[in-house]
Amino acid sequence: MPGDVEMKEQPAPSNSVTSTGPSTLQHLKEIASLIETGTYAREIRRIVRAVRLTIALRKKLTASVISAFLTYALTHGSEVHTRLSSYIPKDDEHEMEVDTATSAVQSPAKHSLPELEIYSYLLVLIFLIDQKRYNEAKVCASAGIARLKNLNRRTLDVLTSRLYFYYSLSYELTSDLAEIRGNLLALHRIATLRHDELGQETLLNLLLRNYLHYNLYDQAEKLRSKAPRFEAHSNQQFCRYLFYLGKIRTIQLEYTDAKESLLQAARKAPIAALGFRIQCTKWAVIVRLLLGEIPERTVFMQKGMEKALRPYFELTNAVRIGDLELFRTVAEKFSSTFSSDRTNNLIVRLRHNVIRTGLRNISISYSRISLADVAKKLRLDSANPVADAESIVAKAIRDGAIDATLDHANGWMVSKETGDIYSTNEPQIAFNSRIAFCLNMHNEAVRALRYPPNSNKEKESAEKRRERQQQEQELAKHIAEEDDDEF
């Protein structure tokens, strides 16, 4: 056994480099060739795949690997190479020497494609953000955006949208989002003129995020309503758009539309986007409570969300019971969480729903109850709780929240007998909403179908093309003669 251990340890130092699989630099070179192939063939999906492979390599990026890749992908000594190399630290010299030596052996060809240039900007920007060098990331992103303004190529759209995203992220991490709002609007105008629909989607979401970050909901709604509409090209961007739309609708008191947008965003989001789905669920829970609905317990027990949704679970419990004192306690206990989630102003609105729920429970339990007992059960802490209870009951009766009458002379609330819900239209309305949801999901699935290009189709020969053109000319002549006869 000791001999076996020694044999395992001895060859390790000499073969440590050659025994491993392809290096990160080699993967980046394969990504560069994929971008090059996709550019020449005008196949956008190859460039999309290159971006996904880059995100998968994100944790393996080092300064030496990026320096070697810049030397491989860009002309050495050019302005772009010099600028991007200045952002890369030179602290990993030994490893850099090994990488450049291995790349020199393979004698790479120099590329002058704008796609590779923008990809290099994107790679360096991702590295700087991961290294928490946000100020340098801002400078690098601004240089990349300035270069993009001079390029109008549809093969750049995927890389451009990612660069827009990290451009905004670098400024958001330094709390300088307001500085780039005008630039984002200009970029959105340029993308619209160039018919860059993916760039329009990304920039619209970045602008909405920019406005909502500073609570400028009216401006965000004006931009959203005036922005051009088209079919979504990216599921991730569409999810973000639905989330921002749900937040805007919530603030504007349009709870039904907000609920639909937030739930749809949570359903469409990828499983890996746990943080995004948690945010969507938090806002959806608040909106459902404001609508008078009580979310199911399974909503708070989703895998990976239990701890994050715990404050909202206790808040839902307080609203379900209709206990105003418990609601106040929960709001104070998790005030820091609600502030960080920016839902404090919505929770203030829930106080009226708590009172209404408690009043509904009272009206179901008692056929007749005095207003003083109503105030005591609702735990109204005011100078004149009986008068407040009377106004609350009167408003609930007028809004249709409870089916009761007020006896002002005796100070009573008299509840009416509850009828059969199946004699009303409520079951039909619920059934119709479910049917509409299923039909919408089917239509979206049909629109999302993708078919491979018909590359196996036989090329039209010259003789067949000549015959087809002759037939078309004869048909056009025949139609023209018929038109002359009619005149």
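This is a predicted model: local features need pLDDT of at least 70, side-chain atom pairs count only at pLDDT 80 or more; totals for chains, interfaces and linings use all residues.

So, to start: in which kind of crossing, left-handed or right-handed, does H15 pass H20? It's a left-handed crossing, and by that I mean that the near helix is turned anticlockwise from the far one by less than a right angle, with clockwise being right-handed.

Residues are numbered from 1 along each chain as its sequence is written, and side-chain values use heavy atoms, with hydrogens and water left out.

Back to our pair. Helix H15 covers residues 274-290 and helix H20 covers residues 344-365; helices here are DSSP runs of H or I, at least four residues, and strands are runs of E, at least two, numbered from the N terminus. The two axes come within 9 Å and cross at roughly 30°. Axes are lines fitted to C-alpha atoms, for helices over the stretch in contact, and angles run from 0 to 180 degrees between N-to-C directions. That makes H15 roughly parallel to H20, the label for angles under 35 degrees.

Who touches whom? From H15 we have Trp-283, Ile-286, Leu-289 and Leu-290, and from H20 Leu-346, Ile-347, Arg-349, Leu-350 and Asn-353, with contact meaning heavy atoms within 4.5 Å. Those residues split into seven nonpolar, one polar and one charged.

Next pair: helix H11, residues 197-213, and H13, with axes that come within 10 Å and cross at roughly 30°. H11 and H13 are therefore roughly parallel to each other, and H11 passes H13 in a left-handed crossing. The H11 side includes Glu-201, Leu-208 and Arg-209, and the H13 side includes Arg-240, Tyr-244 and Lys-247. This contact divides into six nonpolar, three polar and four charged residues.

Staying on H13, residues 235-251, look at Arg-249. Is Arg-249 buried or exposed? Buried, because its relative accessible area is 12%, and the cut-off is under 20%, with exposed over 50% and partly exposed in between (1.4 Å probe, protein chains only). Leaving aside neighbours within four places in sequence, Arg-249 contacts Glu-221, Arg-224, Glu-254, Tyr-255, Asp-257 and Ala-258.

Zooming out, the protein chain has 24 helices and three strands, and 39% of its 487 residues are buried.

How values were computed: Angles under 35 degrees count as roughly parallel, over 145 as roughly antiparallel, 65 to 115 as roughly perpendicular and the rest as oblique. Ala, Val, Leu, Ile, Met, Phe, Trp, Tyr, Cys and Pro count as nonpolar, Asp, Glu, Lys and Arg as charged, and the others, Gly among them, as polar.
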